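Thanks for making time this morning. I would like to take you through one model, going from the whole chain to its ligand site and then to a few single residues.

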Amino acid sequence: MDLRRVTKIFGDRSDMALAMLNSGASKMEVQQKTGQVVGLNDVSLSVERGEIFVVMGLSGSGKSTLIRHVNRLIDPTSGEVLVNGHDVLKMSLDELRAYRRSEVAMVFQNFGLLPHRTVIDNVAYGLEVRGAEKGERLETAARWIETVGLGGYEKSRPHELSGGQQQRVGLARALAMDTGILLMDEAFSALDPLIRSGMQEQLLDLQNKLHKTIFFITHDFNEAIKIGDRIAVLNDGELVQTGTPEDIIFNPADSYVSDFVRDVNRARVIRVGAIMDRNQLAPCQAEVQENSSCEDVLPLFARHDWIGVVNDKGKRVGSVSAKQVIGALGAHHKLLD
Ligand SMILES: Nc1ncnc2c1ncn2[C@@H]1O[C@H](COP(=O)(O)OP(=O)(O)OP(=O)(O)O)[C@@H](O)[C@H]1O
Ligand SMILES: [Mg+2]
């Protein structure tokens with residue numbers, strides 16, 4: 001999925017605003033002089049198949065505007081949106097309809113369930129729109145309800161469920177569509193911290209099996225680093241940094257990004273694979289996976305000087321020492337002085 005130089009200006013005099021932006025004016029200047037609101041300014045990003053790509057930014061930074069370009073709920077003022085080899089902006093109405101039914105599914109922040117329908121009918125809804133016959137859609141819906149842990153609630157209505165359960169219905173509905181791409185706009189933001197953390201873990205577990213391309217929006221940096229393979233940071237409609245969680249934690253591009261980074265529990269988010277020594281392959285008594293966190297390995301240093309690191313296939317790929325781990329945990333002092 002590629003967004004190329006996407007600019008979105010809200011208002012009826014976008015030409016004038018676009019010309020100002022192109023000559024280097026800021027979002028604020030454009031708004032003051034023309035009354036037009038810059039939603040996105042020259043945003044380019046590329047999402048790889050099978051990754052969880054997170055877009056993070058404060059309220060009003062343009063996150064919803066960005067994700068809505070992917071399923072063309074919004075047309076850009078300029079730029080291109082390319083998904084699975086199609087130019088989304090050149091689709092006819094029929095092509096767009098087919099694209100929305102079979103290639104992208106969306107999970108909304110406020111769940112977006114149909115209040116008078118039961119859980120199973122909500123989950124089956126997209127399949128019904130797509131024209132699947134009743135037996136097939138109910139069977140598929142029941143399977144996804146079971147997968148998200150809501151077995152037994154098929155006949156309940158949304159108002160009889162907790163927020164976390166309702167969002168599981170929203171997730172099951174999107175997953176039932178069996179699309180390669182899942183769009184999630186602040187899907188977990190309305191949930192209590194514990195429920196939210198459970199949903200994040202469930203999404204990661206599901207992703208290990210499903211390998212979808214997930215475009216995930218959040219304003220919570222901790223959520224971004226927990227679930228993102230890569231993260232893009234938006235500020236005032238502009239992308240200020242794109243990278244892995246560690247790229248962003250170790251090298252925040254500017255003070256906007258380092259303000260987010262400061263509050264992060266580094267021990268929990270920095271993975272040993274990002275800091276290990278790849279040349280140290282001598283046998284070690286203890287071994288951990290490369291996606292283990294520093295927090296996970298710290299206790300092992302009570303008994304070992306070096307810990308071997310293996311990849312998900314069990315192949316040895318490097319080693320970490322206590323010195324490396326402690327160095328990574330303390331690195332933010334560089335940012336502070
Ligand atoms: N339909 C619209 N008409 C005019 N301006 C809009 C419209 N939609 C969004 N905007 C403006 O575009 C900017 C980005 O809004 P957007 O909703 O994308 O932000 P967001 O990052 O999703 O924020 P939040 O975290 O609050 O959901 C804001 O300045 C907003 O006022
Ligand atoms: Mg939003």
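Predicted model: local features only at pLDDT ≥ 70, side-chain atom pairs only at ≥ 80, totals over all residues.

**From the whole chain to single residues**

The chain holds 16 helices and 13 strands. Its radius of gyration is 22 Å, close to the 20 Å that the globule rule gives for 337 residues, so the chain is as compact as a globular protein of that length. Along the principal axes, the C-alpha atoms fill a box of roughly 60 × 60 × 35 Å. If we take the contacts between residues at least 6 apart in sequence, 62% of them join residues at least 24 apart.

The chain is divided into two parts: domain 1, which covers 41-103 + 179-264, and domain 2, which covers 268-336. The centres of domain 1 and domain 2, taken over C-alpha atoms, are separated by 29 Å.

Let me turn to the ligand. Which residues surround ligand 1? They are Phe 10, Val 37, Gly 39, Gly 57, Ser 59, Gly 60, Ser 61, Gly 62, Lys 63, Ser 64, Thr 65 and His 219. By class, this shell has 2 nonpolar, 9 polar and 1 charged residues. Strand E2 (37-46) and helix H3 (63-70) each supply at least two residues of the shell, and H3 gives the most, with 3 residues.

Now for Trp 306, which is found in strand E12, residues 306-310. Is Trp 306 buried or exposed? It counts as buried, because it has 21 C-beta neighbours inside 10 Å, where the cut-off for burial is 20 or more. Leaving aside neighbours within four places in sequence, Trp 306 is in contact with Gln 280, Cys 284, Ser 319 and Ser 321. The C-alpha atoms of Trp 306 and Leu 66, which are 240 residues apart along the chain, are separated by 44 Å.

I will finish with two backbone details. Arg 5, found in strand E1 (residues 2-10), has a phi near 50°, a positive value in a residue other than glycine; with 13 C-beta neighbours inside 10 Å, Arg 5 counts as partly exposed. Phe 111, in the loop between strand E6 (104-107) and helix H5 (119-130), also has a positive phi, near 70°, and is likewise a residue other than glycine. Phe 111 has 20 C-beta neighbours inside 10 Å and therefore counts as buried.

Methods. Residues numbered from 1 in each chain as written. Chains lettered and ligands numbered in written order. Near = placed C-beta within 6 Å. Helix = DSSP H or I, 4+ residues; strand = E, 2+ residues; numbered from the N terminus. Nonpolar A, V, L, I, M, F, W, Y, C, P; charged D, E, K, R; others polar. Domains from an automatic or database assignment. Rg over C-alpha atoms; globule rule 2.2 N^0.38 Å. Contact = placed C-beta atoms within 7 Å. Buried ≥ 20, exposed ≤ 12 C-beta atoms within 10 Å, placed from the backbone.
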